[in-house]
Amino acid sequence: LGINLCRYLYSKGYKIKVIDLVKFDYEDMVNKIDFLQGDIRNSNELKKIMYDVDYVVHCAAALPLYSKQEIFSTDIIGTRKVLEIAYLLKIKRVVHISSTAVYGIPDHHPLFEDDKLSGVGPYGKAKIFAERVCKEYRKKGICITILRPKSFVGPERLGIMGIYYDWIKRGKNIPIIGNGKNRYQLLDVEDLCEAIHLCLIKPKNKANRTFNIGAKKFDTMKNDFGAVLKYRGGNQHVITFPAKPLIITLRILEFLHLSPLYKWIYETASQDSFVSVEKAEKFLGFTPKY
């Protein structure tokens with residue numbers, strides 16, 4: 001998300017500063033931004049990079065495959081540090097990238113922003129706590145938009161989808177959990193970048209809220225993966241597997257640290273999974289292209 005957002009906002013004429021734990025090695029952007037290799041848990045480094053800026057987009061996070069300690073430290077304490085410095089420096093707006101993982105494993109669809117938050121695993125729970133920190137600083141006067149994007153894909157942002165694309169490229173059939181008839185909403189990274197930009201330019205009384213972000217049009221898992229296979233050409237097929245035994249196997253593999261999938265992914269992969277984007281349409285004018 002970070003590099004896609006840098007490119008997107010740069011094309012809109014913004015001057016951009018970036019802080020990240022790892023070296024910024026994107027050749028097309030390296031001379032177009034002010035970069036600090038640092039940690040959002042370090043107040044001095046945050047002050048240095050956040051000084052004299054108008055807007056902060058907070059999309060740093062330790063993802064679900066990290067340890068619980070690292071997830072809580074980065075996603076909760078890191079978020080508090082970002083907002084502490086934003087408040088100190090009188091930053092105009094903050095956009096916090098949360099996740100639909102805050103909803104846990106849902107029992108209904110679509111999901112709305114005021115639905116119960118239960119979270120799955122340390123990541124989902126940490127994102128709930130991080131949102132609470134955001135609401136705490138909203139009360140102090142900062143305009144903070146909380147975005148809950150569905151799993152988003154695009155250039156340099158394939159995530160777990162990278163495994164599927166690799167299999168497709170190598171001519172393999174594609175296994176999916178369950179019968180594939182469930183509707184599973186995704187999101188294009190460019191649409192997410194556009195949503196973030198809208199949060200920066202819309203009036204405060206519209207942007208200072210919490211929004212789901214996802215594709216408006218989407219199909220079943222089997223049809224979506226089938227569309228990629230059709231584009232690829234050849235005789236590959238989507239192969240369905242009964243959900244329960246496969247989920248049990250994935251639980252064991254996750255326990256043994258042998259699986260690239262985590263609970264929130266494999267427990268929902270065979271179920272419907274989509275959120276309402278009506279609120280973002282109404283207040284932000286969000287109209288996804290993809």
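These legends accompany several close-up views of one predicted model. Local features are described where pLDDT is at least 70, side-chain atom pairs count only at pLDDT 80 or more, and totals for chains, interfaces and linings use all residues. Residue numbers start from 1 along each chain as its sequence is written, and side-chain values use heavy atoms, with hydrogens and water left out.

View 1. Helices here are DSSP runs of H or I with at least four residues, strands are runs of E with at least two, and both are numbered from the N terminus. Ala86 has a relative accessible area of 0% and is therefore buried; the cut-offs are under 20% for buried, over 50% for exposed and partly exposed in between, using a 1.4 Å probe and protein chains only. Setting aside neighbours within four places in sequence, Ala86 is in contact with Met50, Ile91, Val94 and Ile142, where contact means heavy atoms within 4.5 Å. Leu46 is 40 residues away from Ala86 along the chain, and their C-alpha atoms are separated by 9.0 Å.

View 2. For Cys143, the nearest cysteine sulfur belongs to Cys199, 8.5 Å away. Cys143 is buried at 1% relative accessible area, and Cys193 is buried at 2%.

**View 3. Thr210 at strand E9.** Thr210 belongs to strand E9, residues 210-213. Is this residue, Thr210, buried or exposed? With a relative accessible area of 8%, Thr210 is buried. Residues up to four places away in sequence aside, Thr210 touches Glu113, Arg138, Ile146, Arg148 and Lys279. Leu256 is 46 residues from Thr210 in sequence and 36 Å away, C-alpha to C-alpha.

**View 4. A nonpolar surface patch.** Ile248, Ile252, Leu253, Phe255, Leu256 and Leu258 make a nonpolar surface patch of about 620 Å². Patch residues have over 30% relative accessible area and no salt bridge, and nonpolar side chains (Val, Leu, Ile, Met, Phe, Trp, Tyr) are joined within 5 Å, while like charges are joined within 9 Å. A salt bridge would be a side-chain nitrogen of Lys or Arg within 4 Å of a carboxyl oxygen of Asp or Glu. Areas come from the Shrake-Rupley method with a 1.4 Å probe, and for residues only the protein chains shown count as cover. Leu258, in the loop between helix H9 (243-255) and helix H10 (263-268), is exposed at 59% relative accessible area.

View 5. Most residues other than glycine have a negative phi, and most peptide bonds are trans. The bond from His109 to Pro110, however, is cis, with omega near 0°; Pro110 sits in the loop between strand E4 (93-97) and helix H4 (121-138). Asp52 has a positive phi near 65° in the loop between helix H2 (43-50) and strand E3 (55-58), and is exposed at 69% relative accessibility. Glu156 has a positive phi of about 60°, in the loop between strand E6 (152-153) and helix H5 (161-169).

Conventions: Disulfide = S-S within 2.5 Å.
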